[in-house]
Amino acid sequence: MEMPVPSSEIIARKAAILDRFRTVLPVEAVISEPAETRAYECDALAAYRCPPLAAVLPSSTAEVAAVLKICHEEGVPVVPRGSGTSLSGGALPTADAVILGVSKLADVLETDYDNRYIRVQTGRTNLSVTGAVEQDDFFYAPDPSSQLACAIAGNIAMNSGGAHCLKYGVTTNNLLGVTMVTMQGEIIELGGAHLDAPGYDWLGIICGSEGQLGVVTEATLRILRKPEGARPVLIGYDSNETAGACVADIIRAGVLPVAIEFMDRPCIEACEAFAHAGYPQVEALLIVEVEGSEAEIQEQLSKIVAIARKHNPVEVRESASEEESMLIWKGRKSAFGAMGQINDYICLDGTIPVSELPYTLRRIGELSEEYGLKVANVFHAGDGNMHPLILFDANKPGDLEICEALGAEILKLCVEVGGCLSGEHGVGVEKRDLMTAQYTDDDLEIQMQVKDVFDPAWLLNPAKVFPLASSESRRSGDVEEVSTVYNASETAAA
Ligand SMILES: Cc1cc2nc3c(=O)[nH]c(=O)nc-3n(C[C@H](O)[C@H](O)[C@H](O)COP(=O)(O)OP(=O)(O)OC[C@H]3O[C@@H](n4cnc5c(N)ncnc54)[C@H](O)[C@@H]3O)c2cc1C
């Protein structure tokens, strides 16, 4: 994986740039010692690392604006960072870039149960948003498996999803408004405590923009009443393909469980060893959860079990208690960590139409044999968001390269069957050079023109999302600044 050559000219100005940061931030919020910047040299795509020029940790939107203004004036690239759990290398720095971390911005600013929203600073972790309202029987729905650690900032940038997004939608469906600071240091408000806004859907552009258009410091999020009850059922099959066919049938039947999760044998074994959830030892396991009143739960479960039985399951078992349900989810949500204790792996994230699950799973098995690396599968099957984990040996020369090549083939397969390169982890650096498998040069040009409008000098997270060759002239400043510059006051008024 290539990154642009860092600017030696910027690196030579490091001391002067740090001095400027110290005029707007407390001394301890400017981190530049190599021993300390190591903490920021990678995210959860730990195969790629590079210490940044410096890391800064502002405590307010005003401080973020002051830092960005300096970076803009100095021409220094900025990599926004939440908790650094990105699996696509979205928060990976270059040696001439400043990491701008929002972890100190973690307050709840407002809670409004009548209108069902909460306003938070974006360094707040996903799970602690629910933590702030659960005593009043509310919750925040998007639930990435990393929710204990990941920040709302990263969730917005990656448009994150989770197990329960089949019913509740992903971040973009639960985001009402943001406060964002542009690269030029302007503070703007988009959306608000209400559904939609007149004019263009700016919020829709910002959500999922991977830190390329601005730094989001505050967010207004929809919160929901907790359901009366919820119950998962475990359905085991003797092949991945059959489990895939069952998922397609459940969705086709129009039943809407709150979650349908898929795990194959390597993941089942790793998760069972970790959580002791009582998973059956089968080739493929579905966790299907429904929620509502007891009567609603029973009605939905009976439909789902009837569909499941048509595919000759090895085992069908409803959770018998709250405790068992918690363990079932603990196992699933620990899948990546549990697998990581056994093997090095790269976690892919492609989306496919649900009806293509059986074919895609079979083809992944064939590709795995061809490349000689095992692939474990654990994913949000209900919305076709696949997470093949390619197992490799980081200490074996050449293994990472084979792993990358196999990963590319699998993601191209997702596109071929009518899906897309990323479901929820974003493009980052991981899928950057595969964008041409999904988009034409014209498509990419139009997308890059959107970034031109917000960040004409291409200083925000510049080496991500777009293939390096496509973005090179922009990153080196060869493209004329767009004449229609972004007008913050107009947008705020819209
Ligand atoms: C074990 C594990 C399980 C995971 N499970 C899931 C899952 O189920 N679903 C899912 O969607 N993801 C999952 N992820 C991926 C990851 O947790 C998400 O992408 C998450 O949203 C990243 O949040 P973060 O705060 O850690 O962001 P970071 O890693 O810090 O950054 C991610 C991206 O956001 C940008 N960014 C950060 N802060 C800002 C800001 N203030 N303004 C603008 N841009 C910003 C960064 O530049 C980067 O491009 C998982 C990761 C791990 C390690």
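Does glutamine 300 count as buried or exposed, and how many C-beta neighbours does it have inside 10 Å?

**View 1. Glutamine 300 sits in a helix and counts as buried.** With 21 C-beta neighbours inside 10 Å, glutamine 300 counts as buried. Here a residue is buried if 20 or more other C-beta atoms lie within 10 Å of its own, exposed if 12 or fewer, and partly exposed in between, with C-beta atoms placed from the backbone. The helix is α11, residues 294–309; helices (H or I, at least four residues) and strands (E, at least two) are DSSP runs, numbered from the N terminus. Leaving out residues up to four places away in sequence, glutamine 300 touches Val255, Pro257 and Val290. Contact means that two C-beta atoms, placed from the backbone, lie within 7 Å. Glutamine 135 is another story: 165 residues away in sequence from glutamine 300, and 28 Å away in space, C-alpha to C-alpha.

**View 2. Stepping back, here is the whole protein.** This is a predicted model, where local features need pLDDT of at least 70 and side-chain atom pairs count only at pLDDT 80 or more, while totals for chains, interfaces and linings use all residues. Residues are numbered from 1 along each chain as its sequence is written. The protein has 19 helices and 20 strands, and buried residues make up 48% of its 494 residues. Its C-alpha atoms fill a box of roughly 65 × 55 × 45 Å along the principal axes. Among contacts between residues at least 6 apart in sequence, 74% join residues at least 24 apart.

View 3. Ala, Val, Leu, Ile, Met, Phe, Trp, Tyr, Cys and Pro count as nonpolar, Asp, Glu, Lys and Arg as charged, and the others, Gly among them, as polar. The domain bounds come from an automatic or database domain assignment.

**View 4. Domain 3 meets domain 4.** Domain 3 covers 230–336 and domain 4 covers 343–433. Their C-alpha centres lie 22 Å apart. The contact takes 19 residues from domain 3 and 14 residues from domain 4. On the domain 3 side, α9 (240–252), β13 (259–264), α10 (265–275) and α13 each supply at least two residues, with the largest share, 7 residues, coming from α9. That side of domain 3 is made of 14 nonpolar, 2 polar and 3 charged residues.

**View 5. Four strands make an open sheet.** The 4 strands go in the order β1-β2-β4-β3, and the pairing is mixed. β1 (30–31) and β3 stand at the edges with a single partner strand each, so one side of each has no neighbour in the sheet. Strands pair if DSSP finds at least two bridges between them; β3 and β4 (residues 98–101) run parallel and are joined by 4 bridges.
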